[in-house]
Amino acid sequence: MTMLEELPKPAALAADLLAVRGLKVELQTPRATLRPVDGVSFAVRAGETFALLGESGCGKSMTALALMRLLPMAARIAAGQVEFSGRDLLARPEAAMREVRGGQIAMIFQEPSTSLNPVMTVFDQIAEVLGLHRGLYGEAARGEALRLLGAVGIPDPAERLSAYPFELSGGMKQRVMIAMALAGEPQLLIADEPTTALDVTIQAQVLEVLMRLQAERGMGMLLITHDLGVVSKMAHQVGVMYAGELVETGDRAHFFAAPLHPYSRKLFAALPSEALRGHALETLQGTVPPLDRAFAGCRFADRCPAVMARCHSEAPGWHSVDGQQVRCHLFENERAEWVKAAPGAVVPAAAAKADGPVLETRGLEVHFPIRKGLFKRVVGHVRAVDGVSLSISAGRTLALVGESGCGKTTVGKAILQLVRPTAGEVLFGKHQLVGLSPQAMKPHRKGLQMVFQDPFASLNPRMRIGDILLEGMAALKVGESLEARSARIDELLQRVGLDPAMRSRFPHEFSGGQRQRIAIARALAVAPALIVCDEPTSALDVSVQAQILNLLRELQAELGLSYLFITHNLAVVDYLAHDVAVMYLGRIVEAGPAEQVLRAPAHPYTRALLAAVPKLDGEHGFAAGAGGEIPSPINPPGGCHFHPRCPLAREVCRGEYPGQTTLGGSHVVHCHAVSEGWGGAH
Amino acid sequence: MFGYIVRRALYALPILLGVNLLTFALFFVVNTPDDMARMQLGAKRVTPEAIENWKAERGYDKPRFYNDKAFGVSKFTDTIFYDKSLKMFAFEFGAADDGRDIAEEIRSRMVPSLAIALPTFLLGLYVTVSLALLLVFFRQTALDFSGVVLCVAMMSVSSLFYIIGGQWLVAKIWQLVPISGYTGGLDGARFLILPVLVSVVAGIGANTRWYRTIFLEEVSRDYVRTARAKGLSELRVLFRHVLKNAMIPVLTGVVVVIPLLFMGSLLVESFFGIPGLGSYTIDAINAQDFSVVRAMVFIGSLLYIVGLLLTDISYTLVDPRVRLE
């Protein structure tokens, strides 16, 4: 029984640019043979975007690499057909395949900072494609490269041609990648998580470039992503992948109106949003099954809320519902009525503790000196944090939001005295932390802990979990005896949802979500009052992110913890935060209660950030976000830092930094347009 | 860039002074001139007068740091430290035990040393990098695997084996080149072939394996995948993309030894009778000629410091991210 007969073919098969049928990839590992792609069939039409949606490890990137025949050495294509413009790519000899790569199918990758050759100039890297596929050299290549850089929206393209990748920002690098991909005038572009490593504002800009160029050139696009928002803005067709196979395909409008497969629905339900505030997020139980075996039943059966007996024994076939295809027994006879899952249990708000802030910063400054010359004289400062005043109350969450490079992580580190503030105050309770010696700081460390972004890098790979948790307690003298500490470790692991028996394992034996739980347990071990969470979920899949956010909420309700939540993800902020502070180039530009700042944003920067978040409304395209990029904090623009990117900027914005305007309650903003009431501001 | 070089050169001065002090301590404090005299004279001839004579002949009878019998500046200059140690900064090494001027000797012996070491270095680099690229091109195949096994086998064999084996096979059995010896000029080439060949072969195992590791690490990087996705051939990917990036770690190990090529090779020069600095050092150690050994130790450290500076400068040539200030 092959996929070929089962999948209903779209009517306009003739227009298919790329048709993949029954693609299987096998990956040889020392222990077993895995099947990361196991019978995938789909088609991409010219001028359309097919989005392959799925969480990490579902086989979507492997599928893309298999199409290009660029699989890693341990992997091979075991079965299937890849038909591109009517020719079978898998039957081509390697030499002929090289004409396809870059010339007819081009690819852009997730991580622009590692995907460009660090020691070659932008021009050299683009010119390689121009020479290889279009026979353009010398002046002709230069002219074409200039045109391409202009087309992807790179300012001063002539200067950028001779730049090296390290001289460009992440967004600019990804534009160069796109220019390079377009240089061979491909008919199909494969974009593998093209904006995952970028800020929302930059993501919006890059996606816009991709959409525009696709429309201009009538290119087909295979977009690989885990982000429902990106799919909603970009895709014409959607395919959802789970554990190596497609479980649902359909067009965007239908998919976003009514996702069919229980897995697709879970993905939607796991997304944090304002509407779910106060409710636990839906999570997926268990993990993706290992791919080293043959499956008898549905691969999602073990995690499915609507599982039936036959799901375990009988693999579901494709069923068609209103033009959508879904692989699930639920839809065998008619469209199953799906009761929209009731929002999760309400998590009670933390009981208000003593009045007054747990932590306060006043005019916090962190300036890093720049040294030059024979005697390393200080010639300037990087004003990473430039006068930040924040206040966090007991049992509340303050979200610190901004683009990368705005200084938000430095604020977190400066609060914990992990970097020394150059000026300002950090008041923890009644204690001034700035200027304390490491010894004097030690008693306060119990009260202040941190959870880092990357759970893979922040746990020592050579220490057992139990020792990782013990280390902090021992260093800060929490718990009297080894037995008491040991009992506490069991309790902590249980509290974060892990089996205490796991304490003797090493970090590499855990998944990303589990590691982040361990990192949270480590922070909790010393019973802190405040945890600084630095992007704790941005390296995690949506369903795992939901688990971690739920855990953080529960812990807050139970223990009355305060969080400083450093993030760029506004949906998470909307779901979790009580208060929000928006940071730009080292300064807070707007702050206040979450519902006011996010529902009625006053600062143009806050509005631009909100506009750049792709919404799940199934509408194509983007609202106008902020143009340009965050400038260097070495030499910030005079006047209001934001004026070069601001649509409302006037003469006064170039001249002086705006003072603080209070918009009622604790909602404050720094903006001339607001204080003087022009440009449609409040 | 220029400022950086000047600063690094200034940093080198205290290091060199430290090296100078340490060698002085080793040669004149740990091992006193009296000890040297006893060793040189041999047990039978040691008398107090003979020791005093031996020391006076070489100027070792002066005080170490401060001469209170002298006047003015000579209180400091008429000492062992000034005469034997500080003067090395001006490349004045004095005379060896056989009475010849050490500086002169070093100058004339540099040429044969370089005649062996430079071709060995260049040919060795070319051969091992090519072999490593070959193994990486055929990675995860039988060729790669057997290549690595062969490298390990070649590393495990003592370099003496290559020298003696080479002399026996190439010079004695096949009689293609002389077993040992040296003459200047073009005519000397036939004497150089075998030692160069032997040195290159002796280095193949370790270096090929090392470069292969570097290239393999580089081949798995994201930008290499990008290069393949452009449609470049595997050879072009290796030469244009991988090689250039891999040069950065390779340089660390390679450039630092360039200045040290002047020092020659101890073993090869002795076995092939090359009158270079390597054999000079070995002979001096055997003959317990301390002034020569001291001079060679000092020159060695000087060249090593130059090598480190060259390494840092060479980074700017291959890695645009490194700017020296």
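Me: How many salt bridges does the rule find across the interface of chain A and chain B?
Reply: The rule finds 2 across that interface, a salt bridge being a side-chain nitrogen of Lys or Arg within 4 Å of a carboxyl oxygen of Asp or Glu. Glu128(A) and Lys230(B) meet in a salt bridge through their side chains, at 2.7 Å, N to O. This is a predicted model, where local features need pLDDT of at least 70, side-chain atom pairs count only at pLDDT 80 or more, and totals for chains, interfaces and linings use all residues. Residues are numbered from 1 along each chain as its sequence is written, chains are lettered from A in the order in which they are written, and side-chain values use heavy atoms, with hydrogens and water left out.

Me: And how many residues of each chain are in contact?
Reply: 32 residues of chain A are in contact with 25 residues of chain B, contact meaning heavy atoms within 4.5 Å.

Me: OK, new topic. Is helix H12 of chain A largely enclosed or exposed?
Reply: Helix H12 (residues 262-269) of chain A is largely enclosed by the rest of the structure, because 7 of its 8 residues are buried. Buried means under 20% relative accessible area (1.4 Å probe, protein chains only), and helices are DSSP runs of H or I with at least four residues, strands runs of E with at least two, numbered from the N terminus.

Me: Which residues are buried there?
Reply: Pro262(A), Tyr263(A), Ser264(A), Arg265(A), Lys266(A), Leu267(A) and Phe268(A).

Me: What do they pack against?
Reply: Among the elements of chain A that they pack against are strand S3 (49-53), helix H10 (228-234) and helix H18 (542-559).

Key: Buried < 20%, exposed > 50% of the residue type's maximum accessible area, 1.4 Å probe, protein only.
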